[in-house]
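Biologist: I would like to go through this structure by question and answer. Please keep the terms plain.

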Amino acid sequence: MIKNLIRYFKSIYFIKAFLVALAMVIAVIVSVYFFDSYNVGFSIALGAILCAPSDVSGSVKHKFYGMVASIILAFSITLLIGSFNNYPFILAPLLIILVFLVSYISVFGFRASLISLSGLIAIVLAFGHHSTEISILEHSLFILLGGVWYLILAISTQLLLPAVQADFLFVQLLEKTAEFIKIRGALLVETNDRSSLLEQHFKLQTEINELQENIREVVLEKKFNSGFSHRIRRQQLIFSKIIEIYELGISNTIDYEKLDAIFKDHHEKLDEFKLLIFEVSEKLKHISKVILKEEKLTYQNNFKVLLKKIENHIEIYKIKVGLPESREGVIFLLNYKGYQEKQISNLLDIIRILDNYYKNDKIRAIKDAEQFLTPQDYDFKKLKVNFTFKSPIFRHSLRLTLTMLIGFIIGSAIEMQQSYWILLTIVVIMRPSYGLTKERTKNRVVGTLIGAAVGVGIIFLTQNPVVYGIIAALSLIIGFSLVKQNYRNAAAFITLYVVFMYALIHPNILKVIQFRVIDTLIGSLLAYVANYFFWPAWEAKNIKEVLSKSIDGFLAFLQQIDVLYHKKGEVPTVYALARKEAFLQVGNLNAAYQRLAQEPKSRQENIAIFYELMTIFNTYLSSLSSLGMYIRTNKTGKVPLQFEVYVKHILSNLEKAKELLNNTESTIGLETEELAIATKNYDDYFQSLSNERDKEIEKGLPITKEMRSQLHETQLVSEQVRWLLSLSESLIKNIKKI
């Protein structure tokens with residue numbers, strides 16, 4: 001409990017919430033002290049709140065520009081709406097235009113969507129300004145000042161405490177990767193139902209990909225601050241090792257049905273691997289705790305003991321089953337052991353880097369690090385390209401605009417005390433996807449009811465303004481810090497903050513609570529209904545594009561693997577970039593499927609086929625990664641002709657699958673005869689190696705490194721390309737069913 005509390009205080013979410021609260025409290029205190037009025041302070045505090053959404057993980061430069069854009073947008077919108085606040089016939093068209101344009105900014109990506117959120121909240125809150133003490137121009141200027149004030153606090157904090165953001169992201173990535181590795185171990189021994197584990201596996205891949213992108217932006221910048229360059233280089237190296245561990249985890253491609261058949265009577269062999277994989281997972285968690293200073297770094301582990309047990313089990317299996325029957329199983333176990341040894345090596349490398357964090361200044365930065373950053377495309381052409389009903393953002397902008405207009409009309413008609421709360425609820429709940437909107441609606445309603453109930457209970461217990469002020473301040477910090485992690489609890493605490501802020505200035509607080517609840521219920525109902533009926537962007541209609549982009553990633557990755565297999569040597573940057581893109585696109589596919597699964601059953605068209613496709617795509621990525629990993633980390637021989645034949649047919653199938661998705665199927669095909677010959681050549685070559693080894697065994701000769709390498713390479717590479725070909729054929733078959 002205490003450790004969790006300490007970790008909460010160290011999180012970037014708490015620090016950000018504390019900065020927002022600090023900016024607001026100081027603004028109000030200064031306002032009361034110098035101007036003897038709350039109004040100036042509230043306006044400045046409002047500016048800080050409107051700037052805060054765009055303060056998310058990333059480089060200082062991107063944070064700065066994002067927050068500046070939010071400040072300018074908030075100032076402009078507040079001044080514009082405030083100037084026409086008494087002209088309802090002008091205000092309604094202005095609301096329509098502004099809501100659409102501001103929400104449409106989201107086409108430029110994640111950071112732009114947060115700037116858009118700031119603008120939308122500014123639109124809503126501009127309706128709530130009715131002060132007679134300061135003019136609308138003064139109010140807008142104070143909002144501008146508040147935004148600049150928060151910007152200074154946020155950027156100063158990141159410059160003064162550069163390790164906080166990176167360390168927190170690394171801890172999250174290590175813990176998610178540890179969980180991912182553990183699931184891989186559990187999948188190995190599960191024989192009844194692997195589907196639930198696979199679904200967890202897919203969800204984690206999406207989360208890990210998002211964290212990796214955030215860390216890339218933080219630690220892979222080209223230009224470093226000279227005072228922290230050595231630290232950043234170490235972070236880069238640690239990051240590269242975590243990526244390697246993650247890829248190795250995915251690379252352990254396993255045909256589970258075949259595995260179960262081979263080791264049906266020898267499951268204890270796999271149990272030892274599970275223990276080893278769980279140990280790797282625990283060490284990753286240990287490293288995350290070291291970074292948070294919850295534990296001291298230790299090299300102590302059971303790896304040697306576990307590896308020795310695995311070696312003994314492999315020998316026992318070889319003797320019990322006997323050669324040549326045991327050869328396939330033995331080669332699998334040896335290859336799998338090799339993968340785990342590489343995992344352990346990467347893990348120990350991270351520990352050594354941490355142990356030597358301040359001693360060794362000779363660590364080189366990652367080659368071409370800046371190329372691994374995913375650039376944001378701010379080309380204005382995107383506005384034109386997305387101005388169509390095919391674009392989910394365009395549909396969302398229209399949907400949000402109409403819903404806000406309905407909310408505005410309802411609020412004006414029934415003359416609620418704070419009718420803009422209806423609009424605020426719509427803004428914070430509505431998302432482009434139905435599933436996320438539904439989830440946020442439920443959490444918002446439940447959280448508001450909890451917060452209101454707790455607020456009423458406290459009001460009946462005490463009418464002390466000091467207590468109200470303390471609760472409001474604490475609720476603000478806690479509520480803002482939980483928005484990303486637990487939206488329901490965040491809504492409860494933010495409701496408490498609103499309740500007790502109004503309790504300090506409003507005589508009838510119970511009336512305020514009543515209106516808060518009613519407005520939230522109206523806004524939530526409008527948001528939920530609108531996402532179902534107003535131009536919904538059902539995922540089943542959009543997922544084809546995600547599938548197509550994933551195939552593009554596979555094509556590029558396989559082509560780079562083919563090049564590396566022929567050229568050997570150092571892994572080029574273009575290979576690593578192709579690998580990264582393939583991982584990201586499959587992560588996007590997993591996220592798309594999760595959104596599809598959250599939609600109403602009546603709208604889940606072909607969901608069983610899409611699940612099958614998602615499984616194939618993830619298996620495909622695993623197989624590609626496994627093939628690439630083997631070629632990268634092992635000395636390989638001359639590329640056989642049969643490999644080239646397989647690659648040609650696999651690429652052809654991928655292209656055909658893409659054409660089917662785009663409804664542009666061609667009639668061009670490849671001769672299957674050469675593929676049959678290539679298969680026979682692979683089988684004959686492996687059999688000749690096996691026969692040669694059997695003769696050596698008869699003579700009592702130990703296996704040479706060259707023979708072991710040839711056997712392993714032939715079996716692993718041939719199995720992977722056959723598996724890839726089979727998967728590509730399954731892709732085509734399932735895509736035809738859509």
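Modeller: What follows covers a helix pair and some aromatic rings.

Modeller: This is a predicted model, where local features need pLDDT of at least 70, side-chain atom pairs count only at pLDDT 80 or more, and totals for chains, interfaces and linings use all residues. Residues are numbered from 1 along each chain as its sequence is written, and side-chain values use heavy atoms, with hydrogens and water left out.

Biologist: How is α16 oriented relative to α21, roughly parallel or roughly antiparallel?

Modeller: Helices here are DSSP runs (H or I, at least four residues), numbered from the N terminus. The axes of α16 (residues 392-414) and α21 (residues 509-533) come within 10 Å and cross at roughly 150°. Angles under 35 degrees count as roughly parallel and those over 145 as roughly antiparallel. Therefore α16 is, relative to α21, roughly antiparallel.

Biologist: Which kind of aromatic pair do Tyr434 and Tyr532 form?

Modeller: Rings of Phe, Tyr and Trp (its six-membered ring) pair if their centres lie within 6.5 Å; planes under 30 degrees apart count as stacked, over 60 as edge-to-face and the rest as tilted. For Tyr434 and Tyr532, the centres are 6.0 Å apart and the planes 65° apart, so the pair is edge-to-face.

Biologist: Is Tyr434 buried or exposed?

Modeller: Buried means under 20% relative accessible area, exposed over 50%, and partly exposed in between (1.4 Å probe, protein chains only). Tyr434 has 6% relative accessibility, so Tyr434 counts as buried.

Biologist: Does Tyr532 count as buried or partly exposed?

Modeller: Tyr532 lies in helix α21. Its relative accessibility is 23%, so Tyr532 counts as partly exposed.

Technical notes:
Axes are lines fitted to C-alpha atoms, for helices over the stretch in contact, and angles run from 0 to 180 degrees between N-to-C directions. Helices (H or I, at least four residues) and strands (E, at least two) are DSSP runs, numbered from the N terminus. Angles under 35 degrees count as roughly parallel, over 145 as roughly antiparallel, 65 to 115 as roughly perpendicular and the rest as oblique.
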